[in-house]
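Work through these exercises with the sequence and the structure open. Try each task before reading its solution.

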Amino acid sequence: MVKTLITVAPTGAEADKAAAPSLPVTTNELVTTAKECEAAGAAVIHVHIRDEQARPTLDRARLTDTVAALRDATDLIVQLSTGGAVTDSFEARLGVLDAAPDACSLTCGTVNFGDDVFANPWGFIKDLYQLTQERRVVPEFELFDLGHVATLHRLLAEFGPPAGGHVHCDLVMGVPGGMPGDLPTLTAAVAALPAGATWSATGIGRTTLPVMLGALAAGGHLRVGMEDTLSYSRGRPVARNAELVERAAQLATIAQRPPMASGEARVFLGGINQPPRPPACDASRR
Ligand code: KMH
Ligand code: ZN
């Protein structure tokens, strides 16, 4: 029995704080959310940050401080988004690795993204991948479409295995312009993955539940959070990210695959080191 890796994506770059007041946008809100989600069963946190006006930013100092704050407060694997917002430059997105996270997202192709385009040309993908190898940051391959799986194969064939040696993917389904969040597509995408790869899936908006149930049935792992859905059920806004993690953990437990602790997830994802934690109290200061 393989336990279930649960990733929480609490913020994203798209949702508006004014329209979704429970969206965590400050460092304090993010840390509080992270602690609640860890207690509920998450092992990985996929992080986008916001500026003082709650707008998405890739400010390096802020990213570095956020990584430190999350490490101080939790044992979660800190995965920074290199996708950012559709308006972010490739240079700024590469610069995310300067914040030295445990892991990062790495999207394997361009995709229509509602009325926008989320641009990930081959040149950027290979530069980012080589940078993850150089910095020993574990990538999670984000696959929004079946064509992205072909690019993942090309990446591995040309540049070899990722930091840690293990390939873990996330199927992002139901983005308007990307692959639909349904079972035939999930099955096709999983069948096309490289041998030995593990995968999570997340369904955007109303595809959240079918994708989660399908992923559990197919032996996959889960990503949930307010980046992906702002509704807990029809007409009921998400009150806290942790309730999405709690529901995922309950369903995983019913499926006889309870949530993986973060320590287990560090091994599962290819040996991500436990970051040094500050001592609970410093005896030398007494
Ligand atoms: N915000 C989207 C444009 C990622 O985090 O790597 C891209 C995204 C993917 O969220
Ligand atoms: Zn993201």
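**Exercise 1**

Is Gln53 buried or exposed?

Solution. Keep in mind that this is a predicted model.
- Step 1: locate the residue. Gln53 sits in the loop between β3 and β4 (56-57).
- Step 2: take its relative accessibility, which is 54% for Gln53.
- Step 3: apply the cut-off. Exposed means over 50%, so Gln53 counts as exposed.
- Step 4: Gln53 and Ile254 are 201 residues apart in sequence, and their C-alpha atoms are 41 Å apart in space.

**Exercise 2**

Solution. 
- Step 1: His48 lies in the loop between β2 (44-47) and β3 (49-50). Glu227 lies in the loop between β12 (221-224) and β13 (231-233). The pair is 179 residues apart and links distant parts of the chain.
- Step 2: check burial. Both His48 and Glu227 are buried.

**Exercise 3**

Describe how α1 (residues 27-40) packs against α8 (residues 241-254).

Solution. 
- Step 1: read the geometry. The two axes come within 8 Å and cross at roughly 15 degrees.
- Step 2: classify the angle. Angles under 35 degrees count as roughly parallel, so α1 and α8 are roughly parallel to each other.
- Step 3: The crossing of α1 past α8 is right-handed.
- Step 4: list the contact residues. From α1 come Thr33, Glu36, Cys37 and Ala40; from α8 come Asn241, Ala242, Val245, Glu246 and Ala249.
- Step 5: sort the residues of this contact by class. There are 5 nonpolar, 2 polar and 2 charged.

**Exercise 4**

At what angle do α1 and α2 (residues 60-73) pack, and which residues make the contact?

Solution. 
- Step 1: start with the axes. They lie 10 Å apart, at an angle of about 35 degrees.
- Step 2: α1 and α2 make a right-handed crossing.
- Step 3: name the contact residues. Thr27, Leu30, Val31, Ala34 and Lys35 belong to α1, and Thr66, Ala69, Leu70 and Ala73 belong to α2.
- Step 4: sort by class. The contact of α1 with α2 has 6 nonpolar, 2 polar and 1 charged residues.
- Step 5: zoom in on one residue. Val31 is part of α1. With a relative accessibility of 14%, Val31 counts as buried. Leaving out residues up to four places away in sequence, Val31 touches Ala69, Leu70 and Ala73.
- Step 6: compare sequence with space. Val31 and Arg71 are 40 residues apart in sequence, with a C-alpha to C-alpha distance of 9.3 Å.

**Exercise 5**

Classify the packing of α4 (residues 122-135) and α5 (residues 146-159).

Solution. 
- Step 1: take the angle and the distance. The helices pack at about 50 degrees, with axes 11 Å apart.
- Step 2: classify. This angle makes α4 oblique to α5.
- Step 3: α4 and α5 cross in a right-handed sense.
- Step 4: list the contacts. Trp122, Ile125, Lys126, Tyr129, Gln130 and Gln133 of α4 meet Thr151, Arg154, Leu155, Leu156, Glu158 and Phe159 of α5.
- Step 5: sort by class. The contact of α4 with α5 holds 6 nonpolar, 3 polar and 3 charged residues.

**Exercise 6**

Is Thr202 buried or exposed, and which residues does Thr202 touch?

Solution. 
- Step 1: locate Thr202, which is in strand β11 (residues 198-203).
- Step 2: read its relative accessible area. The value is 2%. Buried means under 20%, so Thr202 is buried.
- Step 3: list the neighbours, not counting residues up to four places away in sequence. Thr202 touches Asp170, Leu171, Val172, Met173, Val211, Arg223 and Asp228.

**Exercise 7**

Examine the backbone at Ala100 and Arg136.

Solution. 
- Step 1: read phi. Ala100 is not a glycine, yet its phi is positive, about 50 degrees. Arg136 is not a glycine either, and its phi is positive at about 60 degrees.
- Step 2: locate both. Ala100 is in the loop between α3 (90-95) and β6 (103-107). Arg136 is in the loop between α4 and β9 (138-143).
- Step 3: check accessibility. Ala100 is partly exposed at 44% relative accessibility. Arg136 is exposed, with a relative accessible area of 58%.

Notes:
Residues are numbered from 1 along each chain as its sequence is written. Chains are lettered from A and ligands numbered from 1 in the order in which they are written. This is a predicted model: local features need pLDDT of at least 70, side-chain atom pairs count only at pLDDT 80 or more; totals for chains, interfaces and linings use all residues. Side-chain values use heavy atoms; hydrogens and water are left out. Axes are lines fitted to C-alpha atoms, for helices over the stretch in contact, and angles run from 0 to 180 degrees between N-to-C directions. Helices (H or I, at least four residues) and strands (E, at least two) are DSSP runs, numbered from the N terminus. Angles under 35 degrees count as roughly parallel, over 145 as roughly antiparallel, 65 to 115 as roughly perpendicular and the rest as oblique. A crossing is left-handed if the near helix is turned anticlockwise from the far one by less than a right angle, and right-handed if clockwise. Contact means heavy atoms within 4.5 Å. Ala, Val, Leu, Ile, Met, Phe, Trp, Tyr, Cys and Pro count as nonpolar, Asp, Glu, Lys and Arg as charged, and the others, Gly among them, as polar. Buried means under 20% relative accessible area, exposed over 50%, partly exposed in between (1.4 Å probe, protein chains only).
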